[in-house]
Amino acid sequence: MSEVVLPLNAPVSANPSNGNSSAASILVIDDEAGIRESLEVLLSLEGYTVAMAAEGAEGLRMIEVDNFDLVLLDLALPGQSGLELLPRIKERQPELPVIMITAYGTVDNVVEAVRAGAENFVQKPWDNEKLLADIRSATARHKAEEENLQLKRTLKQRYNFSNIVGKSESMLRVFDLIAQVAPSRSTVLIQGESGTGKELIAKAIHANSPRRDKSFVPINTGAMPSELLESTLFGHVKGAFTSAIASKKGLFEVANGGTLFLDEIATMGLDTQAKILRVLQDRRFMHLGGVQEIQVDVRIIAATNVDLRQAVREGKFREDLFYRLNVITVDLPPLRARREDIPLLAQHFLNFYATENGLPPRKLSADALRALVDYDWPGNVRELENSIERGVVLSSSPIIGSDLLPGHITGRSFQDALLDHNPNASLFDILEVIERRIIIEKLERCNWNQTEAAEQFRIPLSTLNQKIKRLNIEIRKKGRE
Ligand SMILES: Nc1ncnc2c1ncn2[C@@H]1O[C@H](COP(=O)(O)OP(=O)(O)OP(=O)(O)O)[C@@H](O)[C@H]1O
Ligand SMILES: [Mg+2]
């Protein structure tokens, strides 16, 4: 299938030669001395450290010994061409961004180079400002990835929080706080809007506590009628109520020695609140219908996405329970209040979902990243995660453009994106992109069951299969639920 080529050279927000660029080092691989010289002048003036190689083998050697932040690679090198060299660079350093330079920038070359992992493509004679903007964007992204790795390493060393991403002041404070509280048995209350990572933090506290080898038992207290909730939490003896045909352990016992995570605590009924308060006070309880007291050693972590103080004022939440729970409070800020975490989180989810779907590494185009950073994220990290997963699944190239993000995030419709991105694409090409996307969406909804998708489309399965082949759609199993 011929592809509609999406813009690889999206402009970057104005950020003249300063700050970041001074630290970055760039390797230029080009056989023409004139080109090397003019790039050297241009890049040095911008504060970059520049190294030169006149041919591929020399370039590869330099990449093996030095740490570069970016490579500018000529496509038409004598001997080993730039396109042949590119995979060998990527083999050595998969994360190193490579921008191709060519005089013959045909669409085929662009597609091939990008498939092979090139960051971007620049045609000779280039426009200095645009080239510098591309370089800034690529080095910034590379830096974010490196930081991500670095951060994961240190967090892992310090606290074993390797799956929690964040570098904002507010998240670093959260990391410190959870590291402090993890070793004790104190009750922790985690407050934050929906999707801010409350359960993830609760698990991290458990995983870093001396209880880590015992169970972490989550229960969504808001999703159950009180009777069921009570029998789930406290267990019951045989005959305690009509359907209690056998006795059953409660979650307080299941979590003995470990951690019980009471999620969405604000919606719990007042009666159940009173019973929980009693367990919190003396770590004892009775099975429903039972007479024997049971002693447990359970750490309680509670979470809420509403303001519990307000619920207390409104008489919906017991004040005494609030004070019992509120020994240590972790306030998780909404994502829009820590936008500097967005690029790190986006890269984290890109890596996760590419690996999970067995795909090569994926990156976001500069305009896609900008749209993500600018958006307000009412659904917080979960919404970001879902948007990235969708982008990874829908994309057929290693760079995910803003057209693959939901329209309410970019503020543009899919049609707008298609028409703007490549004004010269033929109607046939555009329709293929749309068809491909609709089929993938449908397969996603049918959990990749082709028979079901064909039935819903009311086409024979064989027709769907032909389309899947022609449109180069990889059949995948659904990842995490
Ligand atoms: N800082 C983070 N780093 C990496 N992943 C994160 C981070 N914060 C949240 N996530 C991911 O976002 C998703 C939502 O997180 P989680 O379920 O913990 O949120 P929540 O606050 O409990 O949401 P809700 O209120 O809707 O239950 C999860 O897949 C989680 O792994
Ligand atoms: Mg949750």
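In what order do the 5 strands of the open sheet lie, and is their pairing parallel or antiparallel? The order is 7-10-13-6-14, with parallel pairing. Please keep in mind as you look around that this is a predicted model.

**The sheet**

Strand 7 and strand 14 sit at the edges, each pairing on one side only. From one strand to the next, the twist averages 20°. To find your way in the structure, start with strand 14 and its partner, strand 6: these two run in the parallel sense and are joined over 5 bridges. Within this pair, Q191 is opposite D331 of strand 14. Helix 7, covering residues 169–181, packs on the sheet and touches both strand 6 and strand 14. The direction of helix 7 makes about 155° with that of strand 14.

**Around ligand 1**

Now let us turn to the ligand. There are 17 residues around ligand 1, and those that come nearest are S194, G197, K198, E199 and V381.

Which domains does the shell around ligand 1 draw on for at least three residues each? They are domain 2, spanning 169–332, and domain 3, spanning 339–470.

Key
Residues numbered from 1 in each chain as written. Chains lettered and ligands numbered in written order. Predicted model: local features only at pLDDT ≥ 70, side-chain atom pairs only at ≥ 80, totals over all residues. Pairing = 2+ DSSP bridges. Helix = DSSP H or I, 4+ residues; strand = E, 2+ residues; numbered from the N terminus. Axes fitted to C-alpha atoms, helices over the stretch in contact; angles between N-to-C directions. Contact = placed C-beta atoms within 7 Å. Near = placed C-beta within 6 Å. Domains from an automatic or database assignment.
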